[in-house]
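I opened my notebook to record, entry by entry, what I looked up in this structure and what I found there.

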Amino acid sequence: MLDDFFARALLGGIGVALATGPLGCFMVWRRMAYFGDSVAHSALLGVVLGVGLGIEPNAGIVIMCIAMALLLLLLQQQRRLATDTLLGILAHGGLALGLVGISFLHSVRVDLMSYLFGDILAVTGRELVWIYGGGGVVLAATALIWRPLLAVTVHEELARAEGVRVGLVRIAFTLLIALAVAIAMKIIGLILIVALLIIPAATARRLARSPEQMAVLASVIGVVAVAGGLHGSLAWDTPSGPSIVVAALALFALAHGGAALASACVGRFVASVPGKH
């Protein structure tokens, strides 16, 4: 029995890590961590929507995340409020509305902690189908818009001059973030979703030599973090979602600390070579 639920948890985590790795790279490049947080915090409203309409909660989460992502994209066009202020208002406002909404669901039992911090050890076979189906869509769509999105990320005006449909690419990327949040919610919880998107990508950035290599490394690092976090969770009886994020954080520290140490050693070696002073 233990092996069954651990295998499902591991498979679910791997599916999420593979899907979020490349997407997380663009979030790092485009500095969209707070944008991702705003979308993630609205996911709880999606649970309320799903239960209220009598539909699958995952469907409600997808609908609400997409709606919030498009709303954020629209509101970023205004100039009255700074973008970070706007994102902060919507992120915490969405979370508060979700918590209040759940308190009105008297006839339905909602496991709030599993939505906030994830419940990867309770992943079912049906949820694995959802994770890999949605993750496959995210990966395929990311591959499809990879070049135009990379061009927009590097230099938006130049990309527009070369005929890239910048607005369409931006909308597509925003929708992919919303779908990735909905997929990852069961695994890591809405509070820590963006950490799983950002930390592996930030770690890979230190090690990679090209955008494509960074995307692959981000997925691999995410998989290692999931496996390490799950084993740590079982060994020390710690929450699974936060344990995965701690494992990712340890890999980040190791990569950056190791690279800094290697650079210092190389510098000392070069300084000690005759004729290099």
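**Entry 1: Glycine 118**

Setting aside residues up to four places away in sequence, I found that glycine 118 touches Met113, Met185, Lys186, Ile187, Ile188 and Gly189. I note at the start that this is a predicted model, and I read every entry with that in mind. I placed glycine 118 in the loop between α6 (112-117) and α7 (125-144). Is glycine 118 buried or exposed? Its relative accessibility is 14%, so I wrote it down as buried, the cut-off for that word being under 20%. I also looked up one C-alpha separation, and found that glycine 118 and isoleucine 191, which are 73 residues apart along the chain, have C-alpha atoms separated by 8.7 Å.

**Entry 2: Isoleucine 188 and the core**

Leaving aside neighbours within four places in sequence, isoleucine 188 is in contact with Leu116, Phe117, Gly118, Ile193, Leu196, Gly241, Ile244 and Val245. I then asked which residues touch the most other members of the largest nonpolar core. In that core of 82 residues, they are Val39, Phe173, Ile188 and Ile193. Helix α10 (residues 166-188) gives the largest share of this core, with 15 residues.

**Entry 3: Helices α2 and α11**

Two packed helices are described by the angle between their axes and the distance between the axes, so I looked up both values for two pairs. For helix α2 (residues 33-41) and helix α11 (residues 193-207), the axes come within 9 Å and cross at roughly 155°. Because angles over 145 degrees count as roughly antiparallel, I recorded α2 as roughly antiparallel to α11. The crossing of α2 past α11 is right-handed. On the α2 side the contact is made by Ala33, Gly36, Asp37 and Ala40, and on the α11 side by Ile193, Val194 and Ile198. By class, the residues of this contact divide into five nonpolar, one polar and one charged.

**Entry 4: Helices α3 and α5**

For helix α3 (residues 43-53) and helix α5 (residues 83-103), I found axes that come within 7 Å and cross at roughly 30°. Because angles under 35 degrees count as roughly parallel, I recorded α3 as roughly parallel to α5. This crossing of α3 and α5 is left-handed. Leu44, Leu45 and Val48 of α3 meet a set of α5 residues that I listed as Gly94, Leu95, Leu97, Gly98, Leu99, Gly101 and Ile102. The contact of α3 with α5 has seven nonpolar and three polar residues, and no charged ones.

**Entry 5: Two positive phi angles**

Most residues other than glycine have a negative phi, so I looked for exceptions. Arginine 31 has a positive phi of about 55° although it is not a glycine. Arginine 31 lies in the loop between α1 (2-29) and α2, and with 79% relative accessibility it counts as exposed. Its C-alpha is 9.7 Å from that of isoleucine 198, although the two are 167 residues apart in sequence.

Aspartate 237 also has a positive phi of about 55°. I found aspartate 237 in the loop between α12 and α13 (240-272), exposed with a relative accessible area of 71%.

**Entry 6: Serine 233**

Lastly, I looked up serine 233, which is found in helix α12 (residues 211-236). Serine 233 is buried, with a relative accessible area of 4%. Apart from neighbours within four places in sequence, serine 233 is in contact with Leu121, Thr238, Pro239, Ser240 and Ser243.

Methods:
Residues are numbered from 1 along each chain as its sequence is written. This is a predicted model: local features need pLDDT of at least 70, side-chain atom pairs count only at pLDDT 80 or more; totals for chains, interfaces and linings use all residues. Side-chain values use heavy atoms; hydrogens and water are left out. Axes are lines fitted to C-alpha atoms, for helices over the stretch in contact, and angles run from 0 to 180 degrees between N-to-C directions. Helices (H or I, at least four residues) and strands (E, at least two) are DSSP runs, numbered from the N terminus. Angles under 35 degrees count as roughly parallel, over 145 as roughly antiparallel, 65 to 115 as roughly perpendicular and the rest as oblique. A crossing is left-handed if the near helix is turned anticlockwise from the far one by less than a right angle, and right-handed if clockwise. Contact means heavy atoms within 4.5 Å. Ala, Val, Leu, Ile, Met, Phe, Trp, Tyr, Cys and Pro count as nonpolar, Asp, Glu, Lys and Arg as charged, and the others, Gly among them, as polar. A nonpolar core is a set of buried Ala, Val, Leu, Ile, Met, Phe, Trp, Tyr and Cys residues joined through side-chain atoms within 4.5 Å. Buried means under 20% relative accessible area, exposed over 50%, partly exposed in between (1.4 Å probe, protein chains only).
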